[in-house]
Amino acid sequence: MPPPIPKTPLSIPLVQGRPDPEVVIEFFADLACPFSRKALRTLKAWEVPQGVQVLYRGVAQPWHPQSCMMLEGLLSASLVDPGKAWDFALAIANAEDSFKDVATKDLSRHQIYNIMADIAAATGLDKEAFLENLLIGSEACNRTTQLMKWYTKYHRQRSVHTTPTVYINGFEAPDVSSGWTAEQWTEKVKAL
């Protein structure tokens, strides 16, 4: 039996309800990465022009062990309420001291889930539903496991290694920087 294929494209859209954008920005980011968090803050504050969609593509970087759990948390948030997933990601970014390597090195997986569940509740997500998605079942998997596998396969197929990495309309945009301002994002889109 072949491996499963997602029923819908993998992404967490920044702006809901833009079915046919002229410009698609794929934002490959790791919530444990300080550069990704910096770019995330800018993108979340950016007034995205009409005809543009920004898609969050989660990347769990192995050199940040907590990164896998953080992506699981984001995926759980997207399952509970896709419209609040970017708010959750921003709240995680703003709580960065709780998720740095030194802060998480002695924490269990479930302790990290519980920290994220409190953040999820503060962003308006149902805390119990959020945690339910992260419960480990008999197969040592939770409701986000298959999504994690697909996100990982997708970013590997796109040769994404460092984060953040940005693709615009299917092509890597190596000039994009995590230090960009909202104005620079607008200029980039206008120049297309």
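Trainee: Which residues does Met 116 touch, not counting residues up to four places away in sequence?

Mentor: Met 116 touches Met 69, Met 70, Gly 73, Phe 88, Ile 92, Phe 99 and Phe 130, where contact means heavy atoms within 4.5 Å. This is a predicted model, in which local features need pLDDT of at least 70 and side-chain atom pairs count only at pLDDT 80 or more, while totals for chains, interfaces and linings use all residues. Residues are numbered from 1 along each chain as its sequence is written, and side-chain values use heavy atoms, with hydrogens and water left out.

Trainee: What makes a set of residues a nonpolar core?

Mentor: The residues must be buried Ala, Val, Leu, Ile, Met, Phe, Trp, Tyr or Cys, joined through side-chain atoms within 4.5 Å. Buried means under 20% relative accessible area, exposed over 50%, and partly exposed in between, for a 1.4 Å probe and protein chains only. The largest nonpolar core has 54 residues, and Ile 25, Phe 27, Phe 88 and Met 116 have the most contacts inside it. Helix α3 (residues 85-94) gives the largest share of this core, seven residues.

Trainee: Why is α2 called largely enclosed by the rest of the structure?

Mentor: Because 12 of its 15 residues are buried, α2 is largely enclosed. Among the buried ones are Met 69, Met 70 and Gly 73. Helices are DSSP runs of H or I with at least four residues, and strands are runs of E with at least two, numbered from the N terminus.

Trainee: How do you know that the span of α2 is close to the expected one?

Mentor: The expected span of a helix is 1.5 Å times one less than its number of residues. For the 15 residues of α2 the expected value is 21 Å, and the helix reaches 21 Å from its first C-alpha to its last.

Trainee: Why is Ser 159 called exposed?

Mentor: Its relative accessible area is 62%, and the cut-off for exposed is over 50%, so Ser 159 is exposed. Ser 159 lies in the loop between α7 and β4 and has a positive phi of about 60° although it is not a glycine.

Trainee: Is Asn 169 buried, partly exposed or exposed, and what is its relative accessibility?

Mentor: Asn 169 has 39% relative accessibility and counts as partly exposed. Its place is in the loop between β4 and β5 (171-172), and its phi is positive, about 50°, although it is not a glycine.

Trainee: What makes the peptide bond from Thr 163 to Pro 164 cis?

Mentor: Its omega is near 0°. Pro 164 is found in the loop between α7 and β4 (165-168).
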